[in-house]
Amino acid sequence: MSTSSPDLPPRLFDLALLRRRQDRALALGPETFLADRIAEDMSERLDVVKRSFAAVADIGSPAAALRNPSNEKFNGTKTYLYLPSSNDETLPIDPGSFNLVVSALALQFVNDLPGVLAQIRRALKPDGLFLAAMVGGETLTELRQSFAAAEAEIEGGVSPRVAPFVDLRDLGALLQRAGFSLPVTDVDRIVVRYDNAFALMQDLRRMGATNTLNERRRTPSRRATFLKMAQIYAERFSDPDGRIRATFDIVWMSGWAPHESQQKPLKPGSAKMSLADAVKKAGETK
């Protein structure tokens with residue numbers, strides 16, 4: 001059955017299932033090393049902006065460390081918004097409501113990212129800031145390759161297991177398309193080592209980050225497939241001490257709601273500064 005229509009973007013993710021997986025992760029005892037790192041990084045990036053924010057919205061950040069960062073710049077109201085769990089990805093926010101919108105580890109699960117970015121842009125007051133981190137790039141490329149090889153050998157075909165991730169080069173264009181000024185993106189690559197592939201999968205379960213694709217396999221995979229996947233993973237992506245590597249690319253993006261006081265944007269593809277430097281520079285001009 002098709003999960004899209006000619007008038008709607010593809011329905012890649014089952015957002016109701018995502019919510020249940022996140023609730024399960026909380027019950028299991030969540031693994032928060034990515035959330036903790038992003039929360040610290042987000043706080044540092046906001047610290048370089050020479051202003052405070054009276055009205056802040058958080059879009060879908062799943063962990064307490066992300067929802068409630070200890071940042072003195074959040075000196076007013078803060079609104080937390082869940083990602084929608086139906087086919088309608090309309091966010092319940094009024095135009096021009098916020099000085100700052102943040103999001104972490106959430107937007108990679110959005111079916112219509114251009115549409116959600118446009119809504120966030122409209123929700124900002126003039127000269128308001130949007131700052132977000134999402135999983136992207138080459139995240140879990142090792143697991144993706146290992147599962148594909150194992151399924152091809154054991155089951156004679158490949159099913160989607162790891163979500164497609166946005167490319168860093170595409171995000172700047174999406175931010176411009178949504179109407180942001182001074183859009184900047186960068187990536188933080190984190191390589192984590194595990195004893196084996198099953199330890200990695202347990203961490204993903206405790207992050208609420210297991211497969212929520214609408215086109216996922218609906219029948220249990222064979223035990224032989226998992227064993228073969230772990231074998232291939234160890235053969236292709238292990239260090240000399242036998243531990244395996246797992247890549248997590250955290251893609252950062254920022255943009256400002258247009259205002260006459262802002263410097264003129266660079267031509268597409270000409271940005272050379274880092275995201276932190278760009279946020280700092282924009283904040284110092286206020």
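Predicted model: local features only at pLDDT ≥ 70, side-chain atom pairs only at ≥ 80, totals over all residues.
**Close-up 1. L140, in the loop between β4 and α5.** L140 is found in the loop that lies between β4 and α5; helices (H or I, at least four residues) and strands (E, at least two) are DSSP runs, numbered from the N terminus. L140 is not a glycine, yet its phi is positive, at about 55 degrees. Most residues other than glycine have a negative phi. With a relative accessible area of 8%, L140 is buried, a word that here means under 20% relative accessible area with a 1.4 Å probe, protein chains only. Residues are numbered from 1 along each chain as its sequence is written, and side-chain values use heavy atoms, with hydrogens and water left out.

**Close-up 2. The whole chain, for orientation.** The secondary structure of the chain comes to nine helices and six strands. Of its 286 residues, 49% count as buried. Among the contacts in the chain with a separation of 6 or more, 80% come from residues 24 or more positions apart; contact means heavy atoms within 4.5 Å.

Close-up 3. Strand β1 (residues 53-59) runs parallel to β3, and three bridges join them; two strands pair if DSSP finds at least two bridges between them. Look for A57, which stands opposite V101 in β3. Strand β4 (residues 124-136) also runs parallel to β3, joined to it by six bridges. Here L100 has L129 of β4 as its bridge partner.

Close-up 4. L105 is buried, with a relative accessible area of 12%. V110 is found in the loop between β3 (98-104) and α4 (113-123) as well, and counts as buried at 8% relative accessibility. The C-alpha atoms of V110 and D14 are separated by 9.7 Å, while the two residues are 96 residues apart along the chain.

**Close-up 5. Helix α5 crossing helix α8.** The axes of α5 (residues 141-154) and α8 (residues 223-236) come within 8 Å and cross at roughly 130 degrees. Axes are lines fitted to C-alpha atoms, for helices over the stretch in contact, and angles run from 0 to 180 degrees between N-to-C directions. The two helices α5 and α8 are therefore oblique to each other; angles under 35 degrees count as roughly parallel, over 145 as roughly antiparallel, 65 to 115 as roughly perpendicular and the rest as oblique. Residues making the contact include L143, F147 and I154 of α5 and F226, M229 and Y233 of α8.

**Close-up 6. Helix α4 against helix α6.** The axes of α4 and α6 (residues 168-177) come within 9 Å, crossing at roughly 50 degrees. These helices, α4 and α6, are therefore oblique to each other. L113, P114 and L117 of α4 meet L171, L174, L175 and R177 of α6 in the contact.

Conventions:
Buried < 20%, exposed > 50% of the residue type's maximum accessible area, 1.4 Å probe, protein only.
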